[in-house]
Amino acid sequence: MQSNPAWFRRLRLSKVGGQLRQCIRDHWPLSLIVLAILAILYALGNPAAYFAVTPVSAAGAQNEPQGQATGGGIASAGPHAAVFDNQHRPITAGGFVKAGPIVFEDVAKQAGLTVWHHKAGTPEKKLILEAKGPGVCLLDYNNDGWLDIYLVNGSTYDALEGKATPPHAALFRNNHDGTFTNVANFAGVTNDRWGYGCAVGDYNNDGWPDIYVTNYGKNRLYRNNHDGTFTDVAEQAGVALDSWSAGATFGDYDGDGNLDLFVDGYIHLDLKNPPLSGSKAVGYAFCQYRGVQVMCGPRGLQGAHDHLYHNNGNGTFTDVSKKLGVDDPNAYYGLGALFADVNNDGKPDLLVANDSTPNYLYINKGNGTFEDDSYMSGYALNADGREAANMGIAAGDYLNNGHLDIVNTTFADDYDILFQNDGHGNFTDVSYQAGIAEPSIPFVGFGDGFLDYDNDGWLDLFIANGHVYPQVDQHPEWGESYAQRPLLYHNLKNGKFDLVPAVEGTGLAVVSVGRGAAFGDLFNNGKIDVVINNMDGVPVLLRNVNPDHNHWVEMKLIGGPRSPRDAVGSTVYLTAGGIRRRQDVLSGGSYLSSNDMRVHFGLGNLDRVELVEIHWPDGAVEKMHLPAVDRIYTITEGKGITGALCDGKPCDGNAAAVRSPSAQP
């Protein structure tokens, strides 16, 4: 598919383009006329693109089959020139510098995480089943005020057939001293199925976080028993499914105070008739990437439908997907999923990142229904009018203008997409203007998140990377690698980002087959850390050691009787130094993962917060003052500040902040 005409791209990227989309949304009869005119002009400017049925990249750029039948493929923009560093290593596994800012250190081994290992299928990755996942979730499962880590594991074919012990998921309990202990067996959360993702939410409003795990096969809903153990209640709750689920997210879409659950489907795959390259399942087609035989998919394979489960308030759920029109009738390949309020009306909307197919954006109408605004909003496609191989979803207000912007990670030979939000849920692809597009093209992006790593009050961007084809290591001339380093972009406070150099021996120089990534303050020191779950490897724990001494505050929110207890869906605005910043309490996101639900605000050198404004899920708005900075506050709806942590220990939230040596990087 050729790129859109230049005039068409300029229109979409302009302020006028955003206003036009909003006008069409508000005045739907006019939309038919406008769309018809645009379609005619578009066809005249680019007839080949208009009449193309399935957009494909240039020859050899994706794994289109070399046979008569239609087989699998991955959306990309076409082969990109190889990028090498000064030692002629692919930039995806090189480009390191000797000196520079040291932001992260990988402390996974010291923390005790490397005793656990992810496993998925075979090293050759002959089936796409073996290449997706795994996710990671951060949660305080025992309510001790410290984040714990849940790591999803995959499986093997022998394990599925009962011939071998399946790999186990891990639940690493935080020991408060920089180390973690795997308690998954005792807790009863080993899963023992072919796992992919997870999401955290207190679905029964008992004050304890629960875990939903997506699998190939039946999913699990682990209910927290308040004693360090969990019980799988997915069957009784009606959310087990039995397909191949990927992303999941909790959110109270109808405002009844109970968290509902959305689960997207990836591919309908039958292991009795596996879609191997050259097999009958793919019409004897040979699936190739740059002329080399690889796994087939996702294109050419049957997609799996999405499911929205309404929480009945009694421990059970009802599938309302078809009724509400969010069941994915096109059977796209769903990966990332996130409930988030993108149009600032206080209602959680629903975003779905689809692999090699257009994205979905369902706008919450506030009456228990949704409107599909995927195309009208500008979120379905990138600036060139192409679908991308969308993986992860990051949501954050990187401009400090009160609007949630979105980043979708994508496949190699394409760029990670920054969708800038106009505040009404209309998005413009500003990836190139913002400076994140070009550096990301050689990489295969998965987990992503906005985080203020230096606490300067402006959200930065982190992306975990890793290829899906091990075969790329056999062809160094492509400039790609299977294991890849992460990317960290520093917010320049003017709408642009600058890539932070990867210093040798530091966390940004760790090369792994990255998938899920989760973000949170694991050491309760006011700095955001990153956990990456790697394909067929050990986890990476990137401890934030940035040498800044900036101030910060964090808030754990507890909802009132008419809001979800864990306050998912809340939006917090913090004003300091005349700048109003935004953070949201979200479940899910990144790539098949879930982040720290405590909202975190960097303050730079400011030691005073002027105002905090909390928009609770039930519609209540609360304004308050924080008496000190460098604190983790607990705020209960209607009651104000009900607790505080200083250096990870209970303290007087009203006392002036005193920094101890342990609080320093």
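Residues are numbered from 1 along each chain as its sequence is written, and side-chain values use heavy atoms, with hydrogens and water left out. Because the model is predicted, local features need pLDDT of at least 70 and side-chain atom pairs count only at pLDDT 80 or more, whereas totals for chains, interfaces and linings use all residues.

Helices (H or I, at least four residues) and strands (E, at least two) were taken as DSSP runs and numbered from the N terminus. Residues are termed buried under 20% relative accessible area, exposed over 50% and partly exposed in between, with a 1.4 Å probe and protein chains only. In strand β14 (residues 307-311), 5 of the 5 residues are buried, so the strand is largely enclosed by the rest of the structure. Both of its faces are covered, with His307, Tyr309 and Asn311 buried on one side and Leu308 and His310 buried on the other.

Two strands are treated as paired if DSSP finds at least two bridges between them. Strand β14 pairs with β11 (residues 260-265) in the antiparallel sense over 3 bridges, and tyrosine 309 of β14 is the bridge partner of leucine 261. Strand β15 (residues 317-319) also runs antiparallel to β14 and is joined to it by 3 bridges; here threonine 318 of β15 is the bridge partner of histidine 310. The hairpin of β14 and β15 has 5 residues between the strands, and glycine 313 takes a positive phi near 80 degrees in this hairpin.

Grid points are joined across faces, edges and corners, and a volume is the space filled by probe spheres set on the points. The whole structure contains 9 cavities of 30 Å³ or more, and the largest cavity has a volume of about 460 Å³. Its lining comprises 32 residues, of which Phe450, Gln583, Asp584, Asn595 and Asp596 lie nearest the centre. Elements giving two or more residues to this lining are β20 (393-396), β24 (445-451), β28 (514-520), β33 (579-584) and β34 (599-604). The lining of the largest cavity divides into 14 nonpolar, 9 polar and 9 charged residues (Ala, Val, Leu, Ile, Met, Phe, Trp, Tyr, Cys and Pro count as nonpolar, Asp, Glu, Lys and Arg as charged, and the others, Gly among them, as polar).

Rings of Phe, Tyr and Trp (its six-membered ring) pair if their centres lie within 6.5 Å; planes under 30 degrees apart count as stacked, over 60 as edge-to-face and the rest as tilted. By this rule the count comes to 23 aromatic pairs. The ring centres of tryptophan 244 and tyrosine 266 are 5.0 Å apart and their planes stand at 75 degrees, so this pair is edge-to-face. Tryptophan 244 lies in strand β10 (residues 243-251) and tyrosine 266 in the loop between β11 and β12 (288-289), so the pair ties together parts that are 22 residues apart in sequence. Tryptophan 244 is buried at a relative accessible area of 2%, and tyrosine 266 is buried at 0%. Tyr196, Tyr216, Trp244, Tyr266 and Tyr333 form one aromatic cluster.

Note on methods: On a 1 Å grid over the protein atoms alone, a cavity is a set of points where a 1.4 Å probe fits but cannot get out, and a pocket is an open set with protein on both sides within 12 Å along at least five of seven lines; lining residues have an atom within 4 Å of a point.
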